[in-house]
Amino acid sequence: EIYYKRSTDGGISWGADTRLTNNSANSWYPSVSVSGSPPTADVHVVWQDDRDSGSWEIYYKRSTDGGVSWGADTRLPNDPVTSRFSSVAVSGLVVHVVWMGYRNGNWEIYYKRSTDGGISWGADTRLTNDPGLSAQPSVTVSGQAPALAVHVVWMDERNGNLEIYYKRSTDGGSSWGADTRLTNAPGVSERPSVSVSGQAPALAVHVVWMDERNGNLEIYYKRDPTGNIVGITNIGSDIPKEFSLEQNYPNPFNPSTVISYSISQSGPVTLKVFNSIGQQVAELVNATQSAGIYSVNFNASSLSSGIYFYTLKANDFTATKKLMLIK
């Protein structure tokens, strides 16, 4: 069953255990998020439950008085196969839930939201569409409506190995950007969790996960210092004859600029930005890419004016160029 416990003094002391579910089936893997302030804080909980004919489904429950009393269980998706591993995040009255579902014959990531604090719910939205396993998502939010950003991470084996991927919405979950691969390691990378800190333009996105790249499962961490993980656009179908890194345009720039590069053969690619003393300030690309011509938008709104350097590494090719931010 799912249990709940709270502290009203910042974790120094704790109240009694409260049983939230009560059925003959299994209730597993809860996630919790809160909005508002005591004593009227809303507490939102999701979990997976097999009470319906033995099929795993995602259920939701909320408290509108800071965890003192609880409403009824609400089944969120209606998947004829199975739904598992849910995560919840809330900002104001908007509640966001992600999970993995098998309704289309493959494990994919799904999303659902409520805009009235969990009373009613919109349609299920499929976030991934690839032949590999997409599983164990985590969600968080930043900002306020209508500029609310929703950040989702999950593990994905579309490239033959379990890696961590990221996706975001900048309009509160109405539309979604491209998938961004965050890890590129020989071992399994799985079970990610995401959170944010600060406010735009100084927003940071933080991701942790378990990883066996060094022969043992350890905890790894990664962050995007600007909160603006960028999309990578393939702008040419022709296969380039050689690797190349172009000068960013515009240059000087404020606060965004475009960096283009060419990949003549498939392989691991990284594109990173460094300050004048060699400290990394952004990682724009960390992925295995097919041969092609690509462009990436670099948003430096959280950085100060100055000279920066961007370095492309692709297979055995390395190139560095200078860019200038003027605010």
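This is a predicted model: local features need pLDDT of at least 70, side-chain atom pairs count only at pLDDT 80 or more; totals for chains, interfaces and linings use all residues.
Show Phe 309, and opposite it in E25 you will find Lys 322.

Next, select Val 208, Ile 219 and Tyr 221. Together they make a nonpolar surface patch with about 310 Å² of accessible area. Ile 219 sits in strand E17 (residues 218–224) and counts as exposed, at 67% relative accessibility.

Now turn to the salt bridges, of which the structure holds 18. Select Asp 17 and Lys 5, whose closest N and O atoms are 2.6 Å apart. Both residues lie in the loop between strand E1 (3–4) and strand E2 (18–19), so the bridge ties together parts 12 residues apart in sequence. Asp 17 is exposed at 53%, while Lys 5 is partly exposed at 39%.

Move to Lys 112 and Asp 124, another salt bridge, with the closest N and O atoms 2.6 Å apart. Lys 112 belongs to strand E9 (residues 108–114), and Asp 124 to the loop between E9 and strand E10 (125–126). Here Lys 112 is buried, at 8%, and Asp 124 is partly exposed, at 24%.

Finally, select Glu 163 and Arg 181, bridged at 3.3 Å between the closest N and O atoms. The pair links strand E13 (residues 163–169) to strand E14 (residues 180–181), and both residues are buried. For a network of salt bridges with shared partners, select Asp 130, Asp 156, Arg 158, Lys 167 and Asp 179.

Conventions
Residues are numbered from 1 along each chain as its sequence is written. Side-chain values use heavy atoms; hydrogens and water are left out. Two strands pair if DSSP finds at least two bridges between them. Helices (H or I, at least four residues) and strands (E, at least two) are DSSP runs, numbered from the N terminus. Patches are made of residues with over 30% relative accessible area and no salt bridge: like charges are joined within 9 Å, nonpolar side chains (Val, Leu, Ile, Met, Phe, Trp, Tyr) within 5 Å. Accessible areas come from the Shrake-Rupley method with a 1.4 Å probe; for residues, only the protein chains shown count as cover. A salt bridge is a side-chain nitrogen of Lys or Arg within 4 Å of a carboxyl oxygen of Asp or Glu. Buried means under 20% relative accessible area, exposed over 50%, partly exposed in between (1.4 Å probe, protein chains only).
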